[in-house]
Amino acid sequence: MKRVADLLERITEWIMALMLAIMVGLVFGNVVLRYIFNSGIVAAEEIARLMFVWLVFLGATVALRHQRHLGLEIVQSRLPARVRRVCAVIAHLMMLYALWLFVQGSWIQLLIGMDTFSTVLRFPMAFYAAAGFFPAIAMALIVLANLLRIVTNQPGARIPGDPDTTMDHPESHGPAVAPPAPAPHGSAAVAKH
C-alpha cells in the first residue's frame, strides 16, 4: 500500500511541476506579448487560474502526507502519552468531519459547475470544484489511515506532540548546527592582554 501511495505522490509532484511550468510560461509570455507586441494570449489567465487552484490543493495533500502543515504542539508535548493519544484521536475526527464538509460542498459545486462554462475556453467550471473534491478525498484517506494507526497503537502512528513523531522528518527542523569549537589555549591569553 505504501508503494502505491509513494507512486501516486511522485506522479502528483510531476503533475504539479508541469502545471507550475505552464503557469509561469503563460503568465511571462503574456506579459512580454502585452508590453512589447501590444497583444496577448487570451486564454492565459483562465488556464493559469485553474492550474493555481489545482496546485494549492494538490500541494496541501502532499504536505499533509508528510506532516508539513503548520501546527502548534506546545500543549500536546506537555501532556502525558495517553492524553496526547486521546487528543490526537479527537483532532483526527474533527479533521475528518471538516474534510467531509469540504467533499460535500465541492460535490455540490461540481454539479453546479457542469452547467456553467468559462468565458474564453468554455470549459466547465466544475474543473475548479474538482480541484477541491479529489484532493479532499485523498486527504481524508491520509487522515483516516493515521487515525487507524493511532487507535490500533501501531508504531508508525503520527501523534502531535509525541517526541517519536517529531524525529520522522529531522530535515523539517532546520539544518543541524554543530556546537562551537572550544577556543585554542593561546587565544584566551591574547584576549586578556
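## A one-turn pair in helix α2

E45 and R49 sit four residues apart in helix α2, about one turn of the helix. An α-helix has 3.6 residues a turn, so residues three or four places apart point the same way. E45 and R49 form a salt bridge, with 2.7 Å between the closest N and O atoms. The model is predicted.

The two partners differ in cover. E45 counts as exposed because its relative accessibility is 55%, and exposed means over 50%. R49 has a relative accessible area of 40%, so R49 is partly exposed.

## Overall architecture

The protein chain holds six helices and zero strands. From the N terminus on, its elements run α-α-α-α-α-α. Of the 193 residues in the protein chain, 29% are buried.

The accessible surface of the protein chain comes to about 13,700 Å². Carbon and sulfur atoms account for 72% of that surface. Take the contacts between residues at least 6 apart in sequence: 70% of them join residues at least 24 apart.

## Salt bridges across the chain

How many salt bridges does a search of the whole structure find? The search finds five. Side chains of opposite charge can pair when their charged atoms come close.

D6 forms a salt bridge with R65, and the closest N and O atoms are 2.7 Å apart. This pair links distant parts of the chain. D6 belongs to helix α1 (residues 2–36), R65 to helix α2 (residues 44–65), and 59 residues separate them. D6 is partly exposed, at 30% relative accessibility. R65 counts as buried, at 19% relative accessibility; the cut-off for buried is under 20%. D6 and R65 also belong to a network of salt bridges, in which K2 and E9 are linked with them.

## The R84–D162 bridge

R84 forms a salt bridge with D162, with the closest N and O atoms 3.8 Å apart. R84 lies in helix α3 (residues 81–113), and D162 lies in the loop between α4 (126–151) and α5 (163–166), so the pair ties together parts that are 78 residues apart in sequence.

## Helix α3

Helix α3 has 33 residues. At 1.5 Å a residue, α3 should span 48 Å. Its end C-alpha atoms are 46 Å apart, which agrees.

R84 is one of the buried residues of α3. A88, H92, L99, V103, S106, L110 and G113 are buried there as well.

S118 is found in the loop between α3 and α4. S118 has a relative accessible area of 5%, so S118 is buried.

Which residues does S118 touch, leaving out those up to four places away in sequence? They are E46, F123 and M125. The side chain of S118 makes a polar contact with the side chain of E46, at 3.2 Å. The side chain of S118 also reaches the backbone nitrogen of R122, at 2.9 Å.

## The α2–α3 loop

G71 has its place in the loop between α2 and α3. G71 is exposed, with a relative accessible area of 60%. G71 and P160 are 89 residues apart along the chain. Their C-alpha atoms are separated by 8.3 Å.

## A nonpolar surface patch

V4, L7, L8, I11 and I15 make a nonpolar surface patch of about 450 Å². L7, one of these residues, has its place in helix α1. L7 has a relative accessible area of 52%, so L7 is exposed.

Notes. Residues numbered from 1 in each chain as written. Predicted model: local features only at pLDDT ≥ 70, side-chain atom pairs only at ≥ 80, totals over all residues. Heavy atoms only, no water. Salt bridge = Lys/Arg side-chain N within 4 Å of Asp/Glu carboxyl O. Helix = DSSP H or I, 4+ residues; strand = E, 2+ residues; numbered from the N terminus. Buried < 20%, exposed > 50% of the residue type's maximum accessible area, 1.4 Å probe, protein only. Patch = residues over 30% accessible without salt bridge, like charges linked within 9 Å, V, L, I, M, F, W, Y side chains within 5 Å. Areas by Shrake-Rupley, 256 points an atom, 1.4 Å probe, with all protein chains shown as cover. Expected span 1.5 Å × (residues − 1). Polar contact = N/O pair within 3.5 Å; in protein donor to acceptor, adjacent residues only side chain to side chain. Contact = heavy atoms within 4.5 Å.
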